[in-house]
Amino acid sequence: MNILVCVKQVPDTTQIKIDPVKHTLIREGVPAILNPFDGYALEAAARIKDKDPSTKITVVTMGPPQAVAVLKECVAIAADKGYLVTGRTFGGSDTLATSYILSHAIKQIAEKEGAFDAIFCGKQAIDGDTAQVGPEIAEWLGLPQVTYGLECEAVEGGLKVKKEAEDGVQIIGIKCPCLVTFTKPAFDPRYPTIKRKLAANRAKFEQLGDGFDPEMDPAYYGLNGSPTHVKKSFTPPVKQGGIKIKEETGADSAAKLAKILVDNNII
Amino acid sequence: MEAKTKDLWVFIETNEDGSPKKVGLELLNPGRDLATKQGGKLVAVVVGNNVADAVEQAGIYGADQVIVIEGPEFEKYTTDAYVMALYYLVEKYGPTTVMIGATPNGRDLGPRFSCRLKTGLTADCTSLDIDEETGNVAWTRPAFGGNLMATIMCPDHRPQCGTVRPGVFKKPAAGENKAEVIKEDFHVAPEDIRTCLLEVIKEAAGETVDLEGADIIVSGGRGMGGPDGFKTTLKPLADLIGGVVGASRAAVDSGWIGHAHQVGQTGKTVGPKLYIACGISGAIQHVAGMSSSDCIVAINKDEDASIFNIADYGVIGDLYEVVPALTEEIKKLKA
Ligand SMILES: Cc1cc2nc3c(=O)[nH]c(=O)nc-3n(C[C@H](O)[C@H](O)[C@H](O)COP(=O)(O)OP(=O)(O)OC[C@H]3O[C@@H](n4cnc5c(N)ncnc54)[C@H](O)[C@@H]3O)c2cc1C
Ligand SMILES: Cc1cc2nc3c(=O)[nH]c(=O)nc-3n(C[C@H](O)[C@H](O)[C@H](O)COP(=O)(O)OP(=O)(O)OC[C@H]3O[C@@H](n4cnc5c(N)ncnc54)[C@H](O)[C@@H]3O)c2cc1C
């Protein structure tokens, strides 16, 4: 199988703190990491490769030059090759524009690496949090899609995807080529081996820069090609006046809480 | 695409039995307000099979018009069939705004559909308004794991689209059904549906739970220490006050309780009247799924647990002392 995994470098949003005075995000010192959901997508590809070693895994990321770090990390974990899409004209893209650029990049990469049987994405990036780029890439490329994938298995001509559903798990059959987005499975993805880490440090990554595809229409990418605009951003109001209850014993605290809940008609 | 009307559409997702998902009805509430400000009709769009119930309820909860696409191929959600149906309707009628519930299916459908229309989509909104200056919808949503709120607009493309988080808005009051119903004869050929549902592995009997529909949720986390406390400690409290049992991912991953109970970024998004978090630390991924609850109670033995930052009432103590005593006290007070 020939698999492409789309990966994004994101700030570790679990480590973001809010400046209590200015009410802005403190981004300094927050590490840039591989989006965890993209790690799950890569793991799904790696498991296909475990069973069929002829599988090739290529990764692509769009971002600033330093985003090359996530390509390295992916090669250290399981990927064979990586491509960096980077250019000033791509900045400020919303999800529609991001997916437009990535879908064109994917077509170009396929000319070198061969047509992809499957494109894997994370369910969502933990910074933008939209979960829109995967389905939008599928739409631009005309591919069928499955979202919320947990694991998958290669079968004749397609994939069997285990998908999280509202009331359990579904197994979906889908023909290749296709696009699957992955959410958090019950298992932990593999870690890089030392040998692969060393190899990844020496790996070179091809770049697709501004104007990499002359066919691309500037009306569809960058800030001006994006239909949505962030008009303002602000930190969420902190809950004021939370009441703490800490009596002598647990039973006393419970009695106090019970009275509050009943008196305020909450229950 | 140009808007042909000033109408606002609410997509009503249906269950397999043709009943509406709760979030669709919830959206009729802010939908009414925005539609009035936009100067157009409030239209409910129902797609599914045998959806008479959903059509009726859309009318009762205030839609001016209900547009229906019905057929066996829509009984179970598929991306291909639903995107084709919704795209067909939007091309034909040209609404100015489309709102979709941010359920798993809604978030699968939304971006695929808006991309086909080459328009903008705002994800997982928690507050909605009309920008006075421009008349555009101002969609507000959390990003960065809930650390940042952003207000987003789509000024030059129509329809302007958004997915809206379940549980944030309350269903409007029921009224007289005055809706005009339009049935569209639209079908999707089997070969155009490119995915195939091979197997459904439902949660084991007794493991299913309607978290989204619940008014009260009593959730347990890693602090439960094992599976038993869910049954012996949380369930009696939940049963007494008419609630259901939820869980953090840590508890689900430990195998203590089924995934259907999980609340959070990779579980359900809930907005009950009362959420009681027991032995849950308040990780950002958990909070993302329950922060719009009306009242949050946290029971945790660690005074510094971040769950206390969002709790209305925080009890510092051992849940195995507090919860059983709480159950008994409520019994007494309610007796
Ligand atoms: C506060 C804020 C709010 C925003 N809200 C919206 C909004 O509501 N609607 C909107 O259209 N845009 C929005 N944007 C813009 C959006 O964040 C960017 O377009 C971003 O580049 C992609 O969206 P995401 O991070 O949500 O990715 P998601 O759609 O969540 O990403 C899903 C998957 O797509 C792949 N992917 C995403 N980005 C890349 C990349 N750069 N390279 C390789 N693979 C990638 C990964 O596999 C990833 O797991 C917002 C931006 C900000 C700052
Ligand atoms: C991509 C991704 C997606 C995720 N999605 C989700 C999600 O959807 N939902 C989710 O919940 N998590 C999710 N997580 C996991 C999340 O980051 C946390 O790990 C998880 O929420 C922690 O669960 P917890 O609060 O139960 O456990 P912990 O963080 O271990 O907290 C346990 C708490 O119990 C308290 N405690 C212990 N014993 C007692 C006692 N006897 N009485 C009272 N208090 C006690 C402790 O003080 C502690 O605060 C996700 C993580 C990732 C990376």
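Student: Where is A:Ser93 found in chain A?
Tutor: In the loop between strand 7 (81-85) and helix 3 (95-113). Helices (H or I, at least four residues) and strands (E, at least two) are DSSP runs, numbered from the N terminus. This is a predicted model: local features need pLDDT of at least 70, side-chain atom pairs count only at pLDDT 80 or more, and totals for chains, interfaces and linings use all residues. Residues are numbered from 1 along each chain as its sequence is written, chains are lettered from A and ligands numbered from 1 in the order written, and side-chain values use heavy atoms, with hydrogens and water left out.

Student: Is A:Ser93 buried or exposed?
Tutor: A:Ser93 is buried, at a relative accessible area of 18%. The cut-offs are under 20% for buried, over 50% for exposed, partly exposed in between (1.4 Å probe, protein chains only).

Student: Which residues does A:Ser93 touch?
Tutor: Leaving aside residues up to four places away in sequence, A:Thr98, A:Ile101, A:Tyr221, A:Gly222, A:Leu223 and A:Ser226. Contact means heavy atoms within 4.5 Å. A polar atom of the A:Ser93 side chain lies 3.0 Å from the backbone nitrogen of A:Gly222.

Student: New topic. How many residues of chain B are in contact with chain A?
Tutor: 79, against 78 residues of chain A. In chain B, B:Arg112, B:Phe144 and B:Tyr313 lose the most area to chain A, together 10% of what that side buries. Buried area is the accessible area (1.4 Å probe) that two parts lose on being put together, summed over both.

Student: How many salt bridges cross the interface?
Tutor: Five. One joins the side chains of B:Glu303 and A:Lys246, at 3.1 Å, N to O. The rule wants a side-chain nitrogen of Lys or Arg within 4 Å of a carboxyl oxygen of Asp or Glu.

Methods. A polar contact is a pair of N or O atoms within 3.5 Å; within protein, one must be able to donate a hydrogen and the other to accept it, and residues adjacent in sequence count only if both atoms are side-chain atoms.
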